[in-house]
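User: I would like to learn how to read the main features of a protein model, one at a time. Please take each general idea and then show me the case at hand.

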Amino acid sequence: MRNIITFLLIFLNIGILNAQIPIGTFRSHLPYKSFHSVASTSDYIYAATNKSLMLLKKSDREVSSWSKIDGLSEVGISMIYYSKENDVLIIAYSNSNLDFIKNDKLFNVADIKNKQLIGSKKINNIYVSEDIAYLSCAFGVVLINLQNFTIQDTWFTTRNNEIFEVKDFTILNNKYYLTTAKGIFNIETDNIRVMDFAEWKFEDELGEFDYNMIQTFHNRLYANKNGNLVLEDSIFVMEGGVWNYDSTIYSHIVRSIDATNEELLVCDWNCVHVYDTNEIKTYYGTWSDGSILEQARQAIFDGKEDIWVADDYMGL
């Protein structure tokens, strides 16, 4: 049994959340209308607006917020990410400043913000492996040590005097993968020349197209080919070193892809789909009653049986 409940951030419960709330009904509790990023810890749901963070306590649904007035370094939050392994909440801002919250203490890293670079310094995505955060940036990949919150390395993605903006990043089978507007590139994790983008291998099978997301799941890679609102998006899967178009996974305007060990979550602009390791769809959910056009930005698993969706128009 699966329930859909809204808190003005949209809460999709795949399990039995509350016997008093009928399946398919909606209930609003929070005084917020627009969220674009969401993260889940064991105790809280964090959701980002442009100016502040909303905190929803899971145990009693108590709501609070953090803003610059409360100690955050900036306004203009672009995205948030929670690393369970390191118990760190990462907050990226539109000006490339970064806050890290661990044990109720805030650590600011302003190196990217303050760095003198030609062009954009936008942070597009965050991926964490062990104690390193890999930031997909407009100029390359920045590695931040989550033990001491210092920049460990920077890999500039420039080839033949052209800057390749990094859209997303992941690791699979001892290889780094990154996506750009001109295709996907990889390199072995032990390659000592990883800082030289000329050493990165271009994934010829996928062509020079805009791939804006990549996700590891069940020893496979899933990459989203961005249709840029002109064409429908397309998801490609790599298994055994071979890429193929995946007609099983629904993709129209894909906004995020998340995964656990056993399930893959694809968030489209107006719905979510969950697949098992055999790509059998186990859940489909939407949250609009027809009065407001959905505009989902991100959906995540919360570590149990719940899905949280951040929506521009309908909240969280």
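**Loops, cores, sheet and rings**

Analyst: Ser-96 lies in the loop between β8 and β9; strands (E, at least two residues) are DSSP runs, numbered from the N terminus. This is a predicted model, in which local features need pLDDT of at least 70 and side-chain atom pairs count only at pLDDT 80 or more, while totals for chains, interfaces and linings use all residues. Residues are numbered from 1 along each chain as its sequence is written, and side-chain values use heavy atoms, with hydrogens and water left out.

User: Is Ser-96 buried or exposed?

Analyst: Buried means under 20% relative accessible area, exposed over 50%, and partly exposed in between (1.4 Å probe, protein chains only). Ser-96 has 2% relative accessibility, so it counts as buried. Its phi is near 75°, a positive value in a residue other than glycine.

User: Where is Asp-87 found, and what is its phi?

Analyst: Asp-87 is found in the loop between β7 (77–83) and β8. Asp-87 is not a glycine, yet has a positive phi of about 50°. With a relative accessible area of 35%, Asp-87 is partly exposed.

User: How do I read a nonpolar core, and which residues touch the most other members in the largest one?

Analyst: In soluble globular proteins, nonpolar side chains tend to be buried together. A core here is a set of buried Ala, Val, Leu, Ile, Met, Phe, Trp, Tyr and Cys residues joined through side-chain atoms within 4.5 Å. The largest has 19 residues, of which Ile-90, Leu-98, Phe-100 and Leu-135 touch the most other members. Two or more residues come from each of β8 (88–93), β9 (98–102), β11 (123–129), β12 (132–137) and β13 (140–145). A second, separate core has 18 residues, among them Val-141, Phe-164, Tyr-176 and Leu-178.

User: What is Leu-135 in contact with?

Analyst: Contact means heavy atoms within 4.5 Å. Leaving aside neighbours within four places in sequence, the partners of Leu-135 include Leu-98, Ile-112, Ile-123, Val-142 and Ile-144.

User: In what order do the strands of the open sheet run?

Analyst: Two strands pair if DSSP finds at least two bridges between them. Four strands form the open sheet in the order β11-β12-β13-β14, with antiparallel pairing. β11 and β14 (150–156) are the edge strands, each pairing on one side only. β12 and β13 pair over five bridges, and Ser-136 stands opposite Val-141 in β13. β13 and β14 pair over six bridges, with Gly-140 opposite Phe-156 in β14. These two strands form a hairpin with four residues between them, and Phe-149 in the turn has a positive phi of about 55°.

User: How many aromatic pairs does a search of the whole structure find?

Analyst: Rings of Phe, Tyr and Trp (its six-membered ring) pair if their centres lie within 6.5 Å; planes under 30 degrees apart count as stacked, over 60 as edge-to-face and the rest as tilted. The search finds 23 pairs. One of them, Tyr-44 with Tyr-46, is tilted, at 6.0 Å centre to centre and 45° between the planes. The centres of Trp-155 and Trp-200 are 6.1 Å apart and their planes at 55°, so this pair is tilted. Trp-155 lies in strand β14 and Trp-200 in the loop between β19 (183–188) and β20 (201–202), so the pair ties together parts 45 residues apart in sequence. Both belong to one aromatic cluster, which also includes Tyr-127, Phe-164 and Phe-197.

User: Which charge lies over the face of Phe-197?

Analyst: A charge sits over a ring if NZ of Lys or CZ of Arg is within 6 Å of the ring centre and within 35 degrees of the ring normal. Arg-159 lies over Phe-197, at 4.9 Å from the ring centre. Lys-225 lies over the face of Phe-209, at 3.8 Å from the ring centre.
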